[in-house]
Amino acid sequence: MKRLAGRYRIAILLVGIAFVVLCQQTPHLSEWYGRMVYPLLSAALSAFSSLFPFSLTEISVIVAFFVLIIYPIRLQKKGNPFLKVLFRQIEIFGWIYLWFYLAWGLNYYRYDIHTRLQTSPIAYEEARFKSFLNEYTEQLNATYQAEIKIDAETLRAEVGAFYTNLSPVYGLAKPRSWQEAKEFLFTPIYSKVSVLGSMGPFFAEAQMNSDLPDVQYPFTYAHEFSHLLGVSSEAEANYWAYRACTESSLPALQYCGHFGLLSYVVSNASRLLTEEDFEAWVKTIRPEIRKQYDEKNKYWREKYSPTIANIQDFIYNLYLKGNKIKSGKKNYAEVIGLLLSLPKEE
């Protein structure tokens, strides 16, 4: 009976992995998963994880790490042959792989936002970029807030309302009343590598760095919440975060949206403009905002650990590229291309 149960377990695992691989090779099937299956799975997983105030994803990663080390040692001490121990290790990896992709990871293999909206990326045009730059800078300066005071419930309501009211054409899941962002258990480690937030895929958890300054928290919150709703691209997550904040009726939230985009605008402008034009543009930003931006960068530099960060960057870059994000970590800054390409809603 035990051997039969084991065979059923392996059969289920293999069928599940075969489905995942088929989805990875078939964007249409992955899109069906993202629209029809993922919303139900994420709702169930987040309902369960909402019962716990801490990150189940972080706990599960730690548990999995020790299981993968301790379990084979126990098997070997019981006299199990090497091949049996190896097979069990492969099976454990298989279940982790299956859980990751069924619970969230297949969103990487969906159609991108251009395909979903039946639009195309536009080629870079200097005049168009400068027009965007001028409009963005005017809005950034006009919405400046010296202090940001947005309580958690207000932020949750504003961001939730934005995503709830999005058209189904975008293909995002709808927020559930019990879904909210959690703070990391090990914030100091994340701060050392400048990770402001992340998507906890195993239990549908949007996770936040509690070291975030008030001016950065709303944009990061909206970014991670979009991942929870099925967005895999970092550029698209930044696009939704920008819209969720800037389309709010709250002036403080509008400013957080513009400020959250600033580092990506700076990155693009420094690369696309001449040095003279770039310096001239920087001077058009209010001095208070430039000071706030410099203070934000200094704040994170003081927490940053180059050694740990370089390892994390290398691994995360490989992870993104291995899941159809060809530009790796550069994908974050590609949000500007989306803002230039995608049609504005009236």
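Which residues does Glu205 touch, not counting residues up to four places away in sequence? In this predicted model, local features need pLDDT of at least 70 and side-chain atom pairs count only at pLDDT 80 or more, whereas totals for chains, interfaces and linings use all residues. Residues are numbered from 1 along each chain as its sequence is written, and side-chain values use heavy atoms, with hydrogens and water left out.

With that exclusion, Glu205 touches Ser49, Phe54, Ser55, Leu56, Thr57, Lys182, Ser198, Met199, Gly200 and Leu228; contact means heavy atoms within 4.5 Å. Glu205 lies in strand β3, where helices (H or I, at least four residues) and strands (E, at least two) are DSSP runs, numbered from the N terminus. The residue is buried, with a relative accessible area of 2%. Buried denotes under 20% relative accessible area, exposed over 50%, and partly exposed in between, with a 1.4 Å probe and protein chains only. The side chain of Glu205 also makes a polar contact with that of Lys182, at 2.7 Å. A polar contact is a pair of N or O atoms within 3.5 Å; within protein, one must be able to donate a hydrogen and the other to accept it, and residues adjacent in sequence count only if both atoms are side-chain atoms.

The strand that holds Glu205 belongs to an open sheet of three strands in the order β1-β3-β2, with mixed pairing. Because β1 (182-183) and β2 (197-200) stand at the edges, each with a single partner strand, one side of each is left without a neighbour in the sheet. Strands of a sheet pair through backbone hydrogen bonds, either parallel or antiparallel. Two strands are taken to pair if DSSP finds at least two bridges between them. β1 and β3 pair in the parallel sense over two bridges, and Glu183 has Met208 of β3 as its bridge partner. β2 and β3 (residues 205-208) pair in the antiparallel sense over four bridges; here Gly197 is partnered by Met208 and Met199 by Ala206.

β2 and β3 form a hairpin with four residues between them, and Ala204 in the turn has a positive phi of about 50 degrees. From β3, Glu205 and Gln207 point one way and Ala206 and Met208 the other, and all are buried. Both faces of β2 are likewise covered, with Gly197 and Met199 buried on one side and Ser198 and Gly200 on the other. Helix α9 (residues 217-228) lies across β2 and β3 and runs at about 160 degrees to β3. Such angles, from 0 to 180 degrees, are taken between the N-to-C directions of axes, which are lines fitted to C-alpha atoms, for helices over the stretch in contact.

Ser55 is found in the loop between α2 (27-49) and α3 (56-77). At 0% relative accessibility, Ser55 counts as buried. Leaving aside neighbours within four places in sequence, Ser55 is in contact with Lys182, Leu185, Glu205 and Gln207. The side chain of Ser55 makes a polar contact with the side chain of Gln207 at 2.3 Å, and the Ser55 side chain also reaches the backbone nitrogen of Glu58 at 3.1 Å. Ser55 and Ala204 are 149 residues apart in sequence, and their C-alpha atoms are 10.0 Å apart in space.
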